[in-house]
Amino acid sequence: MAGIRGTQLIGAGALSGGAGPDAPVSDAWVRDLIDAVASFRPYAGSTEPGGGTELISQLRALEDLKSAAAGLQARITVAFDAAQRSAEAAAGVPAEEQGRGVAAQVALARRESPARGSRLHGLAKALVAEMPHTLAALDAGQLNEWRATLLVKETACLAAEDRCAVDEELAADTGTFDGAGDKAIIAAARTAAYRRDPRSVTQRAGHAATERHVSLRPAPDTMTYLTALLPVAQGVAVHAALSRHADTLRSSGETRSRGQIMADALVERITGTPGGISGVEVQLVMTDRTLFQGDAEPARLPGYGIVPAAWARAILTGDPEGGQELKLWLRRLYTAPGSGDLVAADSRARLFPAGMGRFIQARDDTCRTPYCDAPIRHFDHIVPWHDDGPTSLSNGAGLCEACNHTKELTGWTAKTAPGTRHVVEIRTPTGHHYRSTAPPLPGTGIQGTDRPDTAPHSRRHRRKLRHHAKALKYAHATELQAA
């Protein structure tokens, strides 16, 4: 059999470089492991009787590898946090400001959003410092990273010693996690936490009301999820009011479904207008061909994403749901041929003028930090104003609030770079570089898109993997012909 069997994929000390549990993990060794996994292919005898058993064993082995890698990532994150704090302390950074950029660097390294990076950073510190049994279960494949996160989340309100006690009570060797799903793990953690410190758990429930908020995220087919996190009494009251309204109309012969009536009533009562759109600017970006010539090129709705061309035309000629008339403005955006990069003049104003802000919003769409797709809250000078950075379109970028604050930390720099479209290059305190290219506007395609992660070894590594994959493919074909 050519290839690697699942049972051969993971051995003792596999994620410690093969030199014992305390051996340092080198970058070269990790890439060797990546090469091994990339060249792995399913068991060649999978179509034979009993071949399915080997395939399931391979799946389980790879799942164990993912969990063990997550445990190692947690340890590396904590070690990096300590190294950064030590370096900042030596540089004279006040203790309360040390480590402020660690989570953002973790997010970039793991190709995650800054918000997700902050959660991963907190998860790592909790596992390594206070929950060794949960970390051991992660290492052994008895938990995956998500379920370890659930345990950390449900014990977050406890003091360190109580959290350690709950961790020990729920240790993997007690059988708590055998066959347990997410709900069972959450219930076990909550029960153990309440048993250790009922007052803290009760206070946490009271504090939850301060976290009430409303959020919006895209849904398929030009729909959105408008979500409100409310205290239970208010949430029940809102739902009851909408339900009574829907039941009243339905009993009067209304043909809309109960859910449709509730949704329409929610929009009307919040906006004060039947259609829900009044005096609010919605920036719908599309090509002139889509607008005037019936072209099929999709449009883009900032805050949502790509929408079908026909839907975009319909909302401009009348609400597609109710025929509501809207007041319309057309604003022309000129793009460079081929690349689609927006073109405009410079300004020396301290703050970005309203028109320039709209321009940057249309160009960037969401936060320009790699892997962050949060809404734009700040129009930022890439080269700071205090470093003589101009207030211009080329030196402007749309950022979320968190990323803008992170960018101002010591050791972080940013500059524009050559590219077919607007490119920002970010340098972190560790010297790693990340590139962010403005998304393509409707009608410009994706030509010339720059990858955000351009580490020096990445192209060579990908080329090596392609050659290796081709060699394996030809070897497999030869093997089948011989058989």
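Visitor: Is Pro 198 buried, exposed or partly exposed?
Guide: Pro 198 counts as partly exposed, because its relative accessibility is 35%. Buried means under 20% relative accessible area, exposed over 50%, and partly exposed in between (1.4 Å probe, protein chains only). This is a predicted model: local features need pLDDT of at least 70, side-chain atom pairs count only at pLDDT 80 or more, and totals for chains, interfaces and linings use all residues. Residues are numbered from 1 along each chain as its sequence is written, and side-chain values use heavy atoms, with hydrogens and water left out.

Visitor: Which helix is Pro 198 found in?
Guide: Helix H10, residues 198–207. Helices (H or I, at least four residues) and strands (E, at least two) are DSSP runs, numbered from the N terminus.

Visitor: How far apart are Pro 198 and Leu 158?
Guide: In space, 9.5 Å, C-alpha to C-alpha. In sequence, 40 residues.

Visitor: New topic. Which residues of the largest nonpolar core touch the most other members?
Guide: Leu 127, Leu 151 and Phe 177, out of 24 residues. A nonpolar core is a set of buried Ala, Val, Leu, Ile, Met, Phe, Trp, Tyr and Cys residues joined through side-chain atoms within 4.5 Å.

Visitor: Which elements give two or more residues to this core?
Guide: Helices H3 (51–90), H5 (114–130), H6 (132–139), H7 (145–154) and H9 (182–196). H5 gives the largest share, 5 residues. Another core, of 10 residues, lies apart from it, and Ala 104, Ile 382, Leu 409 and Val 424 are among its members.

Visitor: What is buried in H6?
Guide: Thr 134, Leu 135, Ala 137 and Leu 138. Seen down the axis of H6, the buried residues fall within an arc of 160°, so they line one face of the helix. That arc is taken over the directions from the helix axis to the C-beta atoms. Gly 141 follows H6, with a positive phi near 80°.

Visitor: And H15, why call it largely enclosed?
Guide: Because 8 of the 11 residues of H15 (residues 354–364) are buried. Among them are Met 356, Phe 359 and Ile 360.

Visitor: Which strands do the buried residues of H15 pack against?
Guide: E3 (299–301), E5 (378–381) and E6 (396–399). Contact means heavy atoms within 4.5 Å.

Visitor: What follows H15?
Guide: Asp 365, whose phi is positive, near 70°.
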